[in-house]
Amino acid sequence: MLPVRLNVTVMLTGYLLVMGYLGLGLLILRRRPAKSWKPAQRLTPAPAGRGWPALVRQVVGTAIGGYLVLMAVVAGWYQGIAQLGGRFLLSAVTGTALLIGVVLPLFLLVSWMTSRRRR
């Protein structure tokens, strides 16, 4: 198991790199502002259709995508850096899946309420 000091150093280094890149991006934008601004376009097409099927498809897609990203981070951190694998990794995968299964109906309800409010 890695010492706490090394874990904090890795975490702090990652944080400083991300914040440095964001700050550098703001500096570049400040020095060379865009002449013509146009609104951002969606990278993917809007979900086809309206109603419950489209909403369920979008909510489930968001939940699955979020789960996969979280599992990549958990596996990368605990298997690659902290050297904890096996039962711990299995517990992280199943526990997160259970949590998403419990929260998904609430997320669907809140998404539905938000979409109704916009109309």
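## Contacts along the chain

In this predicted model, 68% of the contacts in the protein with a separation of 6 or more are accounted for by residues 24 or more positions apart.

## Helices and surface

The protein has three helices and zero strands. Read from the N terminus on, its elements run α-α-α.

Among the 119 residues of the protein, 10% count as buried. The accessible surface of the protein amounts to about 10,300 Å², and carbon and sulfur atoms hold 70% of that surface.

## T96 in helix α3

Helix α3 spans residues 87–118 and contains T96. Is T96 buried or exposed? The relative accessible area of T96 is 14%; the limit for buried is under 20%, so T96 counts as buried.

When residues up to four places away in sequence are not counted, T96 touches Y67, L70 and M71.

## A nonpolar patch and L12

Which residues form a nonpolar patch on the surface? The patch consists of L12, Y15, L16, V18, M19 and L22. Together these residues have about 590 Å² of accessible area.

One of the patch residues, L12, is found in helix α1, which covers residues 4–31. The relative accessibility of L12 is 48%. Because partly exposed covers the range between under 20% for buried and over 50% for exposed, L12 counts as partly exposed.

Terms used
Residues are numbered from 1 along each chain as its sequence is written. This is a predicted model: local features need pLDDT of at least 70, side-chain atom pairs count only at pLDDT 80 or more; totals for chains, interfaces and linings use all residues. Side-chain values use heavy atoms; hydrogens and water are left out. Patches are made of residues with over 30% relative accessible area and no salt bridge: like charges are joined within 9 Å, nonpolar side chains (Val, Leu, Ile, Met, Phe, Trp, Tyr) within 5 Å. Accessible areas come from the Shrake-Rupley method with a 1.4 Å probe; for residues, only the protein chains shown count as cover. A salt bridge is a side-chain nitrogen of Lys or Arg within 4 Å of a carboxyl oxygen of Asp or Glu. Helices (H or I, at least four residues) and strands (E, at least two) are DSSP runs, numbered from the N terminus. Buried means under 20% relative accessible area, exposed over 50%, partly exposed in between (1.4 Å probe, protein chains only). Contact means heavy atoms within 4.5 Å.
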